[in-house]
Amino acid sequence: MPHTTIDITVPDLSGKRAVVTGASDGIGLGLATRLAAAGAEVLIPVRNPHKGEAAITKIRRGNPDANVSLRELDLSSLSSVADLGETLREEDQPIHILINNAGIMTPPDRQTTPDGFELQLGTNHLGHVALVGHLLPLLRAGRARVTSQISVAANQHAINWDDVNWEVSYHGRRAYSQSKIALGLFGLELHRRSQAQGWGITSNLAHPGVAPTSLLAARPEFGRDRDTLDVRLIRAMSARGILLGTVRTAQLPALLAATSPDTGGRFYGPSGLGHLGGPPAEQKLYSRLRSTADAERIWQVSEDLVIVRSGLSDDSLL
């Protein structure tokens, strides 16, 4: 199916406030653009303000009246997450959509966050866990739809329960898979707890399939000085419409998860061959995401790690 025929209709989002992590480029920028075009006020928390300003310029190029603004966030730093939470709670406006989209993938060597966590665990998973915790009052006030962006890698490998921080031995791809499995389990447990405790939050998962995003591109700040062979191959296949998606089509599962009237606890992804590309649709949960015991366990593990090194208290969500 040609990429140009793939799209979804986004409902009117006037009066809604949305937060999208990782929105300065790639899929996140596409998500922010679509939400703003549908009338939402979109907050873009960024680590690099220059990239953030460039993103807003791109959004307004197609929609001059877009209501978009920057906030400061380094998702790998729990203190930075806490600062953003405090800023938004002081603004005291309900949040109706949260898309946990930001992520990093397979730095060449084991690296750690400022809080001492393995970088992928700390950024992809624990940063988003802490963000949900700090924003919980605003998410409850907005009866928010929370979408956590996982990956086809969450259908591979496992949680390294004996060494979640990869201190004994490090394997980049396994650590990446773990971070996405953990985020997926957390997102599903968030929905279950919301239902049980009446929070009014709807939590879903999405994955983008495979597309030529910046995840595997050169990232000197993470020790990757050149594009990987994988991303060069992905770009070539995507450009030729072979099996994979594009950055534009890869944003659609999360967009559907964030704006669909469907109930929560669902999983969306591309519906093409191998779920690598194609139109977005609800999908069967990966086997690694089906255990409620694992979801409760990763919630507790994450809670313990985040509470120890952040401003969250024991009587909060986390």
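Analyst: The axes of helix α1 and helix α8 (residues 252-259) come within 10 Å and cross at roughly 40 degrees. That makes α1 oblique to α8, since angles under 35 degrees count as roughly parallel, over 145 as roughly antiparallel, 65 to 115 as roughly perpendicular and the rest as oblique. On the α1 side the contact is made by Leu 31, Arg 34 and Leu 35, and on the α8 side by Leu 252, Ala 254, Leu 255 and Thr 259. Contact here means heavy atoms within 4.5 Å. By class, these residues divide into five nonpolar, one polar and one charged (Ala, Val, Leu, Ile, Met, Phe, Trp, Tyr, Cys and Pro count as nonpolar, Asp, Glu, Lys and Arg as charged, and the others, Gly among them, as polar).

The model is predicted: local features need pLDDT of at least 70 and side-chain atom pairs pLDDT 80 or more, while totals for chains, interfaces and linings use all residues. Residues are numbered from 1 along each chain as its sequence is written, and side-chain values use heavy atoms, with hydrogens and water left out.

Helices (H or I, at least four residues) are DSSP runs numbered from the N terminus. Their axes are lines fitted to C-alpha atoms over the stretch in contact, with angles from 0 to 180 degrees between N-to-C directions.

Helix α1 (residues 26-37) also packs with helix α2 (residues 49-62), at an angle of about 45 degrees and with the axes 10 Å apart. The two helices are therefore oblique to each other, and their crossing is right-handed. Leu 29, Ala 32, Thr 33 and Ala 36 in α1 meet Ala 55, Lys 58 and Ile 59 in α2. This contact has five nonpolar, one polar and one charged residues.

A further pair consists of helix α4 (residues 119-141) and helix α5 (residues 172-197), whose axes come within 7 Å and cross at roughly 15 degrees. α4 and α5 are therefore roughly parallel to each other, and their crossing is left-handed. Among the residues in this contact are Leu 121, His 125 and Val 129 in α4, and Ala 175, Leu 183 and Phe 186 in α5. The residues of the contact divide into nine nonpolar, seven polar and one charged.

Terms used: Left-handed = near helix turned anticlockwise from the far one by under 90°.
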